[in-house]
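Q: I would like to learn how to read a structure by its features, taking charged pairs, helices and strands in turn. Could you go through them with me, giving the general idea and then the case at hand?

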Amino acid sequence: MAGKRRDTFGLALNELRVRVRDGRAAPGTPLMVSDLAEELKLSPTPVREALAWLAGEGLIESQRGGEGGYRVRRLSLRAVEDLYALQDLLLAATVLPDPGPIWPLGSARAQVERALSQLQDVGEDVVRATETLFGGAMAGMRNRVVWQVHIRLADRLAIVRRVEACLFADLPNELMGMALAYDAGSLNWRDALASYAERRAGRLAHVLEELDPPPGLSNILTI
């Protein structure tokens with residue numbers, strides 16, 4: 001019985017996490033236990049447990065005054081800046097003199113190239129390729145705590161990376177260049193990370209001020 005309950009919890013958790021990551025459950029979207037349970041054809045208990053878990057990770061938040069309801073967390077510009085700052089700190093730690101073999105199926109370039117060619121949706125391609133590259137670099141540190149932080153951070157940044165695909169048309173080329181830099185050694189990787197961070201520093205704020213945001217962007221970022 002416990003195994004079955006765990007399976008339904010895992011099903012609800014995975015489905016809800018994917019919806020938040022890919023934007024189907026956009027920031028600010030209400031998440032009502034009863035509605036989701038009916039939609040997923042599950043009892044309310046595993047859905048409620050999954051929502052509480054995601055709230056603990058910071059992906060969603062409880063709605064005060066609601067009847068067992070949550071909503072997808074909206075990100076302020078400050079929150080996005082903080083998430084990117086944490087990402088910069090983690091990636092800086094991956095600049096190792098000799099990280100050792102990381103990629104089981106070839107070079108970083110080959111892994112990123114494969115990720116970019118798997119799907120037809122540009123936004124999803126970029127998210128997948130970015131997480132492939134950064135995940136491989138993090139794995140090279142062989143530190144479980146750092147890896148867990150990276151996974152949680154990747155979930156928080158997934159929807160923002162999809163927005164990046166609307167803002168920067170050359171992201172696939174940027175990721176390929178970073179993969180080549182990683183393969184070339186620590187100095188090249190360090191320089192590539194610095195360029196990556198510099199390009200994004202303050203960029204989202206300028207885009208919101210100067211341009212009409214792409215569809216959905218105004219729901220993701222608030223000033």
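Q: Which residue forms a salt bridge with D82, and how far apart are the closest N and O atoms?

A: In this predicted model, D82 forms its salt bridge with R78, and the closest N and O atoms of the two are 3.3 Å apart.

Q: Where do D82 and R78 lie relative to each other in the helix?

A: The general idea is that an α-helix has 3.6 residues a turn, so residues three or four places apart point the same way. Here, D82 and R78 both belong to helix α4, which covers residues 77–92, and they are four residues apart, about one turn of the helix. As for accessibility, D82 counts as partly exposed because its relative accessibility is 41%, whereas R78, with a relative accessible area of 57%, is exposed.

Q: How should I read a salt bridge between two helices, and which parts does the pair of R199 and E174 tie together?

A: The idea is to look at the distance between the atoms and then at where each partner sits in the sequence. The side chains of R199 and E174 meet in a salt bridge at 3.4 Å, N to O. R199 lies in helix α9 (residues 186–200) and E174 in helix α8 (residues 171–184), so this pair ties together parts that are 25 residues apart in sequence. R199 counts as partly exposed because its relative accessibility is 28%, while E174, at 15%, counts as buried.

Q: What is the distance between the closest N and O atoms of R200 and E174, and are these residues buried or exposed?

A: R200 also forms a salt bridge with E174, and here the closest N and O atoms are 2.8 Å apart. This pair links distant parts of the chain, with R200 in helix α9 and E174 in helix α8, 26 residues apart. Both R200 and E174 are buried.

Q: How many salt bridges does the structure hold, and which residues are linked in a network?

A: The structure holds 16 salt bridges. A network of salt bridges links E15, R19, D22, R24 and E39.

Q: What can be said about the length of α8, and which of its residues are buried?

A: One way to read a helix is to set its end-to-end span against the span expected from its residue count. With 14 residues, α8 reaches 20 Å from its first C-alpha to its last, which is close to the 20 Å expected at 1.5 Å a residue. Its buried residues are L171, E174, L175, M176, M178, A179, A181 and Y182. After α8 comes G185, whose phi is positive, near 130°.

Q: Which residues form the nonpolar patch on the surface, and which helices supply them?

A: L86, L89, V145 and V149 form this patch, and together they have about 350 Å² of accessible area. Helices α4 and α7 (144–167) each supply at least two of its residues. The C-alpha atom of L153 is separated by 9.8 Å from that of G58, although the two residues are 95 residues apart along the chain.

Q: In what order do the strands of the open sheet run, and which are the edge strands?

A: In a regular strand the side chains alternate between the two faces of the sheet. In this structure, three strands form an open sheet in the order β1-β3-β2, with antiparallel pairing. The edge strands, each of which pairs on one side only, are β1 (30–32) and β2 (60–62). Direction ignored, neighbouring strands of this sheet are turned by 35° against each other on average.

Q: Over how many bridges do the strands pair, and which residues stand opposite each other?

A: Strand β3 (residues 69–72) pairs with β2 in the antiparallel sense over three bridges, and β1 and β3 likewise pair in the antiparallel sense over three bridges. L31, for its part, stands opposite Y70 in β3.

Technical notes. Residues are numbered from 1 along each chain as its sequence is written. This is a predicted model: local features need pLDDT of at least 70, side-chain atom pairs count only at pLDDT 80 or more; totals for chains, interfaces and linings use all residues. Side-chain values use heavy atoms; hydrogens and water are left out. A salt bridge is a side-chain nitrogen of Lys or Arg within 4 Å of a carboxyl oxygen of Asp or Glu. Buried means under 20% relative accessible area, exposed over 50%, partly exposed in between (1.4 Å probe, protein chains only). Patches are made of residues with over 30% relative accessible area and no salt bridge: like charges are joined within 9 Å, nonpolar side chains (Val, Leu, Ile, Met, Phe, Trp, Tyr) within 5 Å. Accessible areas come from the Shrake-Rupley method with a 1.4 Å probe; for residues, only the protein chains shown count as cover. The expected span of a helix is 1.5 Å times one less than its number of residues. Two strands pair if DSSP finds at least two bridges between them. Axes are lines fitted to C-alpha atoms, for helices over the stretch in contact, and angles run from 0 to 180 degrees between N-to-C directions.
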